[in-house]
Amino acid sequence: MKSTALKDRIRKRYTAAVEAPRQSGCCTPRDGTNPLIAFHSGEDARSYNQAEVAAVGPALVETAFGCGNPVALADLQPGETVLDIGSGAGLDALLAARRVGPTGRVIGLDMTPAMIAAASAHAARAGITNVEFLLGDAEAIPLPDGSVDRVISNCVLNLAPDKARVFREISRVLKPGGRIAISDIVLLRPLPRPLRKSLALWAGCLAGALPEADYVAAAQVARLREVRVVSRIPIEDGVICDALSGGSLPRRLARLTFPLWHQWVSGRAAGIHLQAIKPAAS
Ligand SMILES: C[S@@+](CC[C@H](N)C(=O)[O-])C[C@H]1O[C@@H](n2cnc3c(N)ncnc32)[C@H](O)[C@@H]1O
């Protein structure tokens, strides 16, 4: 699959997603509720603390296109520099900015200009100044070697055509001893071949997903260590429905053919939450 065509399709999809969030999104079905994340009084790999989100911008809930809460897994400390890869409309970056405080700094990286604009507007509205949003590609991160303490990312690497390159870039920009916390989609069983070739399903977070073992191996090959999948959520109907309908297939066609797609996809993918470390001496 051509990488430039794929990235154009992804940009188009996420521009539409952030401009009309209740109609389309990656992990967000048409009714606007994302089955892979929750908002309540607690916080864990899957859930956001509602009060904390409300404090940075309640509207961010509608443009949360992730498949977990990597901030909850990242154990961020005051003064740290954090990179959020594929920062979207900014939810995780803004929460991270609050945690690292005024002596810390967060950089949100995204290749879709509409996402950078939305995230920057949310930051300005919330008065959060220790965050900046950079337009750029995860396969060529525009940051110096060894410049960040933490990398977080939420439902993004599955979209990248060259995941090994993204992991190499993550390893390059991390300081020795730096850590990653990622939520993403992986495959538990292979997808049928026609689905793997679909640009639309790639942009919908399914066709580009790697088998879990390959995902972990890609991180290890990039010299990340202690790579651990800390939890796993099977993909449910809403995600399948969204992958089809969020700007991928005409809505009526998606609805009509849903039982067929469901039969093909159900039980083959999962949301995972992964941690890893760049060794202090590497
Ligand atoms: C499913 S959305 C997730 C957004 C955000 N992390 C969240 O949780 O709401 C995927 C985001 O990754 C961005 N993206 C996809 N591929 C990328 C790449 N190669 N480099 C940078 N950003 C990318 C898209 O533009 C989109 O904003």
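1. Just after helix α4, Gly-101 takes a positive phi of about 70 degrees. Helix α4 itself covers residues 91-100 and is mostly covered, with 8 of its 10 residues buried, where buried means that 20 or more other C-beta atoms lie within 10 Å of a residue's own, exposed means 12 or fewer, and partly exposed is in between, the C-beta atoms being placed from the backbone. The buried residues of α4 are Leu-91, Asp-92, Ala-93, Leu-94, Leu-95, Ala-96, Ala-97 and Val-100. Helices here are DSSP runs of H or I with at least four residues, strands are runs of E with at least two, and both are numbered from the N terminus.

2. This is a predicted model, in which local features need pLDDT of at least 70, side-chain atom pairs count only at pLDDT 80 or more, and totals for chains, interfaces and linings use all residues. Residues are numbered from 1 along each chain as its sequence is written. The mean pLDDT (the predictor's confidence in each residue, from 0 to 100) is 88 for the protein, and 88% of its residues reach 70 or more. Over residues 23-32, however, pLDDT stays under 50, and for this stretch the model has 34 contacts beyond four places in sequence; a contact means that the C-beta atoms of two residues, placed from the backbone, lie within 7 Å.

3. On the overall picture, the protein has 11 helices and 9 strands, and buried residues make up 50% of its 282 residues. Of the contacts between residues at least 6 apart in sequence, 76% join residues at least 24 apart.

4. Helix α1 (residues 3-19) and helix α5 (residues 113-126) pack at an angle of about 30 degrees, with their axes 8 Å apart. That makes α1 roughly parallel to α5, since angles under 35 degrees count as roughly parallel, over 145 as roughly antiparallel, 65 to 115 as roughly perpendicular and the rest as oblique. The axes are lines fitted to C-alpha atoms, for helices over the stretch in contact, and the angles run from 0 to 180 degrees between N-to-C directions. Tyr-14, Thr-15, Val-18 and Glu-19 of α1 make the contact with Ala-114, Met-115 and Ala-118 of α5.

5. On the side of α6 the contact is made by Lys-163, Ala-164 and Phe-167, and on the side of α9 by Ala-218, Ala-219 and Val-221.

6. Asp-75, in the loop between α3 (70-74) and β3 (81-85), has a positive phi of about 50 degrees although it is not a glycine, and with 12 C-beta neighbours inside 10 Å it counts as exposed. Cys-205, in the loop between α8 (199-203) and α9, has a positive phi near 75 degrees, but Cys-205 is buried, with 29 other C-beta atoms within 10 Å.

7. Ile-107 is found in strand β4 (residues 105-110) and is buried, with 25 other C-beta atoms within 10 Å. Leaving aside neighbours within four places in sequence, Ile-107 is in contact with Leu-83, Glu-132, Leu-134 and Leu-143. The C-alpha atoms of Ile-107 and Asn-130, which are 23 residues apart along the chain, are separated by 8.7 Å.
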